[in-house]
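Subject: A structure for you to look at

Hi there,

Here is the structure I promised to pass on, with my notes below it. Please open it next to this email and follow along.

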Amino acid sequence: MKFLIINGPNLNLLGKREPGIYGQNTYDSLRERLKAFAETYGSTAECYQSNYEGDIVSAIQDADGVYDAIVMNPGALTHYSYAILDALKAVDVPCVEVHISNVHQREEFRHKSVTAPACVGQISGLGLYGYEAAMRYFLERDQR
Ligand code: DQA
């Protein structure tokens with residue numbers, strides 16, 4: 001499978017950013033880990049990160065017909081980006097939403113995802129493993 005992994009605002013600061021919540025691993029190490037993970041399944045994982053909503057909308061639009069699945073952590077955009085919601089609805093690429101932290105244990109504003117309704121499902125609170133769990137879902141779902 002061809003995966004597109006999208007990470008939104010501030011996720012480039014993984015490792016430095018609130019390590020008590022998001023862990024010690026850097027964004028570069030996450031990329032390496034996901035690429036290697038995909039390879040063990042004969043798949044590829046392209047990783048894209050942006051701090052800009054419009055760039056993420058364009059990445060989703062451009063994924064149509066190119067990637068088999070999107071695994072996306074929209075960061076704070078999760079909680080208010082109707083543009084990302086609409087972009088996900090506009091393309092034929094299924095998406096699983098991932099949050100490193102358990103958003104339901106945190107501030108009230110993080111409990112609501114406006115983007116999740118356009119996703120197959122949502123994973124929250126499993127740390128970086130959530131990205132791999134989402135990829136495994138796509139890898140295995142057609143074999144059941
Ligand atoms: C996050 C949770 C969001 O509320 C936050 O704004 C992030 C990261 C997570 O991975 O836990 O940037 O999506």
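**The aromatic cluster**

Phe3, Tyr137 and Phe138 come together in one aromatic cluster. Before going on, please keep in mind that this is a predicted model: local features need pLDDT of at least 70, side-chain atom pairs count only at pLDDT 80 or more, and totals for chains, interfaces and linings use all residues. Residues are numbered from 1 along each chain as its sequence is written, and side-chain values use heavy atoms, with hydrogens and water left out.

How many aromatic pairs does a search of the whole structure find? It finds three. Rings of Phe, Tyr and Trp (its six-membered ring) pair if their centres lie within 6.5 Å; planes under 30 degrees apart count as stacked, over 60 as edge-to-face and the rest as tilted. The ring centres of Phe3 and Phe138 are 6.4 Å apart and their planes stand at 55°, so this pair is tilted. It links distant parts of the chain, since Phe3 belongs to strand β1 (residues 2–7) and Phe138 to helix α5 (residues 129–141), 135 residues apart. Helices (H or I, at least four residues) and strands (E, at least two) are DSSP runs, numbered from the N terminus.

Both Phe3 and Phe138 are buried. Buried means under 20% relative accessible area, exposed over 50%, and partly exposed in between (1.4 Å probe, protein chains only).

**Around the ligand**

Which residues surround the ligand? They are Arg17, Tyr22, Asn73, Gly75, Ala76, His79, His99, Ile100, Ser101, Val103 and Arg110. A residue is near a molecule if one of its heavy atoms lies within 4 Å of it.

Some of these residues also make polar contacts, meaning a pair of N or O atoms within 3.5 Å; within protein, one must be able to donate a hydrogen and the other to accept it, and residues adjacent in sequence count only if both atoms are side-chain atoms. Asn73 places a polar side-chain atom 2.8 Å from a ligand oxygen. For Ile100 a polar backbone atom is 2.8 Å from an oxygen atom of the ligand. Arg110 has a polar side-chain atom 2.8 Å from an oxygen atom of the ligand. Taken alone, the ligand exposes 320 Å², and the protein buries 99% of that. Such areas come from the Shrake-Rupley method with a 1.4 Å probe; for residues, only the protein chains shown count as cover.

**Salt bridges**

Side chains of opposite charge can pair when their charged atoms come close. The structure holds five salt bridges, where a side-chain nitrogen of Lys or Arg is within 4 Å of a carboxyl oxygen of Asp or Glu.

- Arg31 pairs with Asp28, their closest N and O atoms being 3.7 Å apart. Both lie in helix α2 (residues 27–40), three residues apart, or about one turn of the helix. Arg31 is partly exposed at 28% relative accessible area, and Asp28 is partly exposed at 48%.
- Arg33 pairs with Glu132, with 2.9 Å between the closest N and O atoms. Arg33 is in helix α2 and Glu132 in helix α5, so the pair ties together parts that are 99 residues apart in sequence. Arg33 is partly exposed at 31%, whereas Glu132 is buried at 12%.
- Glu107 pairs with Arg106, their closest N and O atoms being 3.9 Å apart. Salt bridges that share partners join Arg106, Glu107 and Arg110 into one network.

**Some buried residues**

A polar atom of the Ser43 side chain lies 2.9 Å from the backbone nitrogen of Met1.

Enjoy exploring!
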